[in-house]
Number of protein chains: 2
Amino acid sequence: MYKISEFAEITGLSKETLRYYAEMKLLEPAFIDPKNNYRYYDDGSIFLATLLSKLRKLGFTIQEMISVMEDESFSNLEALLVQKKRKILKQINELQLQVEEIDEFLASGKEEPE
Amino acid sequence: MYKISEFAEITGLSKETLRYYAEMKLLEPAFIDPKNNYRYYDDGSIFLATLLSKLRKLGFTIQEMISVMEDESFSNLEALLVQKKRKILKQINELQLQVEEIDEFLASGKEEPE
DNA sequence: ATTGACCGTGGTGTGCACCCCACAGTTTAT
DNA sequence: ATAAACTGTGGGGTGCACACCACGGTCAAT
């Protein structure tokens with residue numbers, strides 16, 4: 001069982017992030033000492049924390065990660081990854097539209113020769 | 001000279017947006033009546049407001065629009081448009097990297113057949 | 001003069017994912 | 001026993017671009 005600082009070092013997540021995730025019920029400590037409210041994490045938590053860390057880097061939001069965690073067996077992980085991928089592709093599309101509009105704006109500005 | 005509501009209707013910007021832009025020194029009224037602090041806009045303001053409205057739709061932030069407005073002749077507008085385009089392309093790149101990482105993650109999960 | 005529409009200011013709220021701080025209790029090491 | 005190190009909680013702050021609110025003053029029309 002690891003205390004929060006130790007666990008933060010192991011996982012690379014900050015203490016504040018761990019407290020935040022606990023508050024969001026995204027990653028709850030394996031045990032909380034009722035005497036002092038200290039959070040204790042175990043080896044199972046390590047797997048979950050590194051998964052969350054990875055998903056964050058993939059652009060997942062907290063809400064999306066909560067969806068992932070809802071099924072303990074992670075049988076929906078693949079579907080959620082695909083879904084996230086589609087969301088990102090949509091964002092890319094929107095940005096490409098903006099680029100096109102900027103190009104049009106640039107072109108319209110050049111239609112006035114000297 | 002138009003009062004704020006009238007000007008809002010003409011330009012399509014909300015009153016709050018106009019007040020916000022005034023506060024940000026992005027689009028200052030042509031005249032402010034010192035007796036009641038009423039903001040008055042003129043025809044020159046219309047051109048600027050529609051330009052800002054257009055830039056917002058192109059994804060420009062307030063700060064970026066402030067850069068545009070800094071030169072009254074807008075001789076730097078083209079350069080700033082190009083610069084903005086580059087920023088967006090960079091964002092697109094980052095998102096594409098995320099997609100690739102998700103693909104890798106998906107592929108790694110499939111390496112374990114039944 | 002009165003009423004209703006309008007205006008300004010100052011403040012709060014929004015969503016996201018935390019960071020940082022002070023305060024107080026607790027644990028660990030010496 | 002004592003001091004240093006750690007922990008929790010509660011609160012505020014961050015950046016962005018406004019929206020929304022109440023309050024009080026003001027303007028326009030009648």
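Author: The model is predicted. Helix 2 of chain B gives the largest share of the surface near DNA strand D, with four residues.

Reader: Which helices supply at least two residues each of the surface near DNA strand D?

Author: Helix 1 (4–11) and helix 2 of chain A do, together with helix 2 (15–23) of chain B. In total, 19 residues surround DNA strand D. The closest are Ser5(A), Arg39(A), Ser14(B), Tyr21(B) and Asn36(B).

Reader: What part of DNA strand D do the atoms within 4 Å of the protein belong to?

Author: Sugar or phosphate accounts for 86% of them, and bases for the rest.

Reader: What makes the approach of Asn36(B) to DNA strand D a polar contact?

Author: Set the distance against the cut-off. A polar contact is a pair of N or O atoms within 3.5 Å. A polar side-chain atom of Asn36(B) lies 2.7 Å from a phosphate oxygen of DNA strand D. That pair passes. Arg56(B) also passes, with a polar side-chain atom 3.0 Å from a phosphate oxygen. Ile62(B) uses its backbone: a polar atom there is 3.3 Å from a phosphate oxygen of DNA strand D.

Reader: What surrounds DNA strand C?

Author: 19 residues surround DNA strand C. Ser14(A), Tyr21(A), Ser5(B), Asn37(B) and Arg39(B) are the closest. The largest share, four residues, is from helix 2 of chain A. Of the atoms of DNA strand C within 4 Å of the protein, 86% are in sugar or phosphate.

Reader: How do you know that chains A and B are related by a two-fold axis?

Author: Chain B can be laid on chain A with an RMSD of 0.1 Å. Among the residues of chain B, Ile92(B) comes closest to the axis, its C-alpha at 2.8 Å.

Reader: Why do you say the copies meet through the same surface?

Author: Because 100% of the interface residues of chain B are also interface residues in chain A.

Reader: How do you know that the length of helix 5 of chain A agrees with its residue count?

Author: Helix 5 of chain A covers residues 77–109, which is 33 residues. At 1.5 Å a residue, it should span 48 Å. Its end C-alpha atoms are 48 Å apart, so the two agree.

Reader: What do the buried residues of helix 5 of chain A pack against?

Author: Within chain A, they pack against helix 3 (43–57) and helix 4 (62–70). Across in chain B, the partners are helix 3 (43–57) and helix 5 (77–109). The buried residues include Leu77(A), Ile88(A), Ile92(A), Val99(A) and Phe105(A). Lys84(A) is also among them.

Reader: Why is Lys84(A) called buried?

Author: Its relative accessible area is 6%. Buried means under 20%, so Lys84(A) qualifies. Lys84(A) contacts Leu58(A), Gly59(A), Phe60(A), Glu64(A) and Ile102(B), leaving aside neighbours within four places in sequence.

Reader: What polar contact does the side chain of Lys84(B) make with the side chain of Glu64(B)?

Author: One at 3.0 Å, inside the 3.5 Å limit. A polar side-chain atom of Lys84(B) also lies 3.0 Å from the backbone oxygen of Gly59(B). Lys84(B) sits in helix 5 of chain B and counts as buried at 6% relative accessibility.

Reader: What makes the sheet in chain B open?

Author: Three strands form it, in the order 1-3-2, with antiparallel pairing. Strand 1 (2–3) and strand 2 (31–32) are the edges, and each pairs on one side only. Strand 2 is joined to strand 3 (residues 39–41) by two bridges. Pairing needs at least two, so these strands pair. Phe31(B) stands opposite Tyr40(B) of strand 3.

How values were computed:
Residues numbered from 1 in each chain as written. Chains lettered and ligands numbered in written order. Predicted model: local features only at pLDDT ≥ 70, side-chain atom pairs only at ≥ 80, totals over all residues. Heavy atoms only, no water. Expected span 1.5 Å × (residues − 1). Buried < 20%, exposed > 50% of the residue type's maximum accessible area, 1.4 Å probe, protein only. Contact = heavy atoms within 4.5 Å. Least-squares fit on C-alpha atoms with pLDDT ≥ 70 in both. Near = heavy atom within 4 Å. Polar contact = N/O pair within 3.5 Å; in protein donor to acceptor, adjacent residues only side chain to side chain.
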